[in-house]
Amino acid sequence: MRKLFFALTFIFSVLVFKQADAQLSISFNIGSQPKWGPVGYNYVQYYYLPDIDCYYYVPARQFIYLSGTEWIHSVLLPPMYRNYNLYNGYKVVINEPHPYLNHSYYHSRYASYRGRMGQSIIRDSRDPRYRPGYRPPVVKPEKPGNGNKPGQPGNGGRPQPGNGGKPTRPGNTGKPTNGAGRPQQKQGDNTRK
């Protein structure tokens, strides 16, 4: 019975780990983007290439183009564009499923991008995210009251010494005010502040 319990626990933990791993790969696919892709995107599903009026599906590494009335999926560029330089042409990032099924929208919206050059590409980037083996840093959320200085964000709104027991908030300096937000004058002090 004990062996069965440990076996089931192991299988369950592997499944949970695999699910978490799959969720990470959905939101971060820099390593599978082609070297001719534009820089600055952690996740890309499709590129639309306005110069040759076709799409590139990043996860499957396939070009998708219209041939007659049929959409062709191929690892190669369309035959009439075999000599097209992917590093020079403009790429539009599209992160929605099957954009080619709404081709008339993308064709008309990005027609002005044809012939445009000068887009920064991954191959020429010095960004460490695009280097082989890069792993994104793990960012831990900041917790209230984690040792921040008194009066700083993250103190949980706790009262600070010398402010009359009022919780700290922006603009609360801890000095008494006259109700209009201005510091009170001391008696006998006729100068305005």
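These notebook entries record what I looked up in the predicted model shown above.

**Ground rules.** I am working from a predicted model, in which local features need pLDDT of at least 70 and side-chain atom pairs count only at pLDDT 80 or more, while totals for chains, interfaces and linings use all residues. Residues are numbered from 1 along each chain as its sequence is written, and side-chain values use heavy atoms, with hydrogens and water left out.

**Overall layout.** I began with the secondary structure and found two helices and five strands in the protein chain, running α-β-β-β-β-β-α from the N terminus; helices (H or I, at least four residues) and strands (E, at least two) are DSSP runs, numbered from the N terminus. Of the 193 residues, 25% count as buried, where buried means under 20% relative accessible area, exposed over 50% and partly exposed in between (1.4 Å probe, protein chains only). The protein chain exposes about 14,300 Å², of which carbon and sulfur atoms supply 55%; the areas come from the Shrake-Rupley method with a 1.4 Å probe, and for residues only the protein chains shown count as cover.

**Aromatic rings.** I then searched the whole structure for aromatic pairs and noted 17 of them. Rings of Phe, Tyr and Trp (its six-membered ring) pair if their centres lie within 6.5 Å, with planes under 30 degrees apart counted as stacked, over 60 as edge-to-face and the rest as tilted. Among the pairs, Tyr55 and Trp71 are edge-to-face, at 6.0 Å centre to centre and 65° between the planes. Tyr55 lies in strand β2 (residues 54-57) and Trp71 in strand β4 (residues 70-74), so this pair ties together parts that are 16 residues apart in sequence. Tyr55 is buried at 0% relative accessibility, and Trp71 is buried at 19%.

Trp71 also forms a tilted pair with Tyr100, at 5.4 Å centre to centre and 50° between the planes. Here the link runs from strand β4 to the loop between β5 (92-94) and α2 (103-109), 29 residues apart, and Tyr100 counts as buried at 9% relative accessibility. I traced ring pairs onward into a cluster that includes Tyr46, Tyr55, Trp71, Tyr90, Tyr100 and Tyr113.

**Charges over rings.** A charge sits over a ring if NZ of Lys or CZ of Arg is within 6 Å of the ring centre and within 35 degrees of the ring normal. I found Arg116 over the face of Tyr90, at 5.8 Å from the ring centre, and the charged end of Arg123 over the ring of Tyr87, 4.2 Å from its centre.

**Nonpolar cores.** I looked next for nonpolar cores, which are sets of buried Ala, Val, Leu, Ile, Met, Phe, Trp, Tyr and Cys residues joined through side-chain atoms within 4.5 Å. The largest has 14 residues, and Trp36, Tyr47, Leu49, Phe63 and Leu86 have the most contacts inside it; β1 (46-49), β2 and β3 (62-67) each give two or more residues to this core. A second, separate core of eleven residues includes Tyr90, Val92, Tyr100 and Tyr106.

**Ser74.** Finally I checked Ser74, which lies in strand β4 and is buried, with a relative accessible area of 17%. Not counting residues up to four places away in sequence, Ser74 touches Gln62, Phe63 and Tyr65, contact meaning heavy atoms within 4.5 Å.
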